[in-house]
Amino acid sequence: EAFRREVREFIRREAPPDWRWSRYAFDHYSHDDATERFARTMAGKLGARGWLSLTWPAEYGGKRASPLFQLVLAEELEYRGCPGLDVFGVGMIAPTLLRFASEEQKREHLPGIASGRNFWCECLSEPGAGSDLASLQTSTVEDGDSFMVNGQKVWTSGAHRADWCILLARTDRELPRHKGVSFFLVDMKTPGITVRPLLNMAGDYESNEVYFDGVRVPKQNLIGGK
């Protein structure tokens, strides 16, 4: 309860009172530049307080706090319409890296999430493979110290704003379709990546199509092996 009061005071002090009535579902991924700037500013402030890595081990900048503290933070930010908590980077990708990434990968990518500096998206679904990820067709070819990636993803929330993505792609077509799929970390500024917005009926967007055309991904960005 003391932490809840601390979070409420932080929001009262840092977030404009009218913000909650105009916010987007994924603020830091909005196509509105001012909205994204404010969300990233708030993420930096949350990161500076150590609130984006509350439950992480101390050796990665965490506080080893109970998951209840993370729940309280999410509740208060959401209830009061305050941006800054990257649901992908903080909520999904960081826990995956802590569990499966190499030590070198953790040291490279966790600080950007903990500080609120880097935002992430998930390149999972495809036009012919929504929730059925075993059907995905995005392919890779090994080329020296890299994988060359070709394919298309769709319904990628925030791809137009994200700094990095996680990518599921097929690395072995000889295996059964639910196997031979690997997990990559990809810098969204890599040549060959094209992002196209999917407009809704109001002319707004948060989701995108993402095309990979000969995108070179270093083998060091493969998580957990092929």
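Modeller: A residue is called exposed if its relative accessible area is over 50%, buried if under 20%, and partly exposed in between. The model discussed here is a predicted one.

Biologist: Is Trp155 buried or exposed, and with what relative accessible area?

Modeller: Trp155 is found in the loop between β3 and β4 (164-170). Its phi is near 60°, a positive value in a residue other than glycine. Exposed requires over 50%, and therefore Trp155 counts as exposed, with a relative accessible area of 58%.

Biologist: To which class of accessibility does Arg64 belong?

Modeller: Arg64 lies in the loop between α2 and α3. Its phi is positive, near 55°, in a residue other than glycine. Because its relative accessibility is 56%, Arg64 counts as exposed.

Biologist: How are the rings of Phe3 and Trp51 arranged?

Modeller: The structure has five aromatic pairs. In the pair of Phe3 and Trp51, the ring centres lie 5.4 Å apart and the planes stand at 85°. Planes over 60 degrees apart count as edge-to-face, so this pair is edge-to-face.

Biologist: How many residues apart in sequence are the parts that this pair of Phe3 and Trp51 ties together?

Modeller: Both Phe3 and Trp51 are buried. Phe3 lies in helix α1 (residues 2-14), whereas Trp51 lies in the loop between α2 (33-48) and α3 (67-79). The pair therefore ties together parts whose separation in sequence is 48 residues.

Biologist: What is the arrangement of the rings of Phe3 and Phe69?

Modeller: The ring centres of Phe3 and Phe69 are 5.3 Å apart. Their planes meet at 55°, so the pair is tilted.

Biologist: Which residues do the ring pairs link into a cluster?

Modeller: Phe3 pairs with Trp51 and also with Phe69. The cluster linked by ring pairs consists of Phe3, Phe10, Trp51 and Phe69.

Biologist: At what distance from the ring centre does Arg196 lie over the face of Tyr211?

Modeller: Lys219 lies over the face of Phe147, at 5.8 Å from the ring centre. For Arg196 over the face of Tyr211, the distance from the ring centre is 4.7 Å.

Biologist: Which residue takes a positive phi in the hairpin of β2 and β3?

Modeller: Strand β2 (residues 139-143) and strand β3 (residues 146-153) pair in the antiparallel sense over five bridges. Within this pairing, Thr140 stands opposite Val149 in β3. The hairpin has two residues between the strands, and the positive phi, near 65°, is taken by Gly144.

Biologist: How many nonpolar, polar and charged residues are in the lining of the largest cavity?

Modeller: A search of the whole structure finds one cavity of 30 Å³ or more, and the largest cavity has a volume of about 40 Å³. Residues that line it include Leu52, Asp86, Ile113 and Trp120. By class, the lining has six nonpolar, four polar and one charged residues.

How values were computed: Residues are numbered from 1 along each chain as its sequence is written. This is a predicted model: local features need pLDDT of at least 70, side-chain atom pairs count only at pLDDT 80 or more; totals for chains, interfaces and linings use all residues. Side-chain values use heavy atoms; hydrogens and water are left out. On a 1 Å grid over the protein atoms alone, a cavity is a set of points where a 1.4 Å probe fits but cannot get out, and a pocket is an open set with protein on both sides within 12 Å along at least five of seven lines; lining residues have an atom within 4 Å of a point. Grid points are joined across faces, edges and corners, and a volume is the space filled by probe spheres set on the points. Ala, Val, Leu, Ile, Met, Phe, Trp, Tyr, Cys and Pro count as nonpolar, Asp, Glu, Lys and Arg as charged, and the others, Gly among them, as polar. Rings of Phe, Tyr and Trp (its six-membered ring) pair if their centres lie within 6.5 Å; planes under 30 degrees apart count as stacked, over 60 as edge-to-face and the rest as tilted. Helices (H or I, at least four residues) and strands (E, at least two) are DSSP runs, numbered from the N terminus. Buried means under 20% relative accessible area, exposed over 50%, partly exposed in between (1.4 Å probe, protein chains only). A charge sits over a ring if NZ of Lys or CZ of Arg is within 6 Å of the ring centre and within 35 degrees of the ring normal. Two strands pair if DSSP finds at least two bridges between them.
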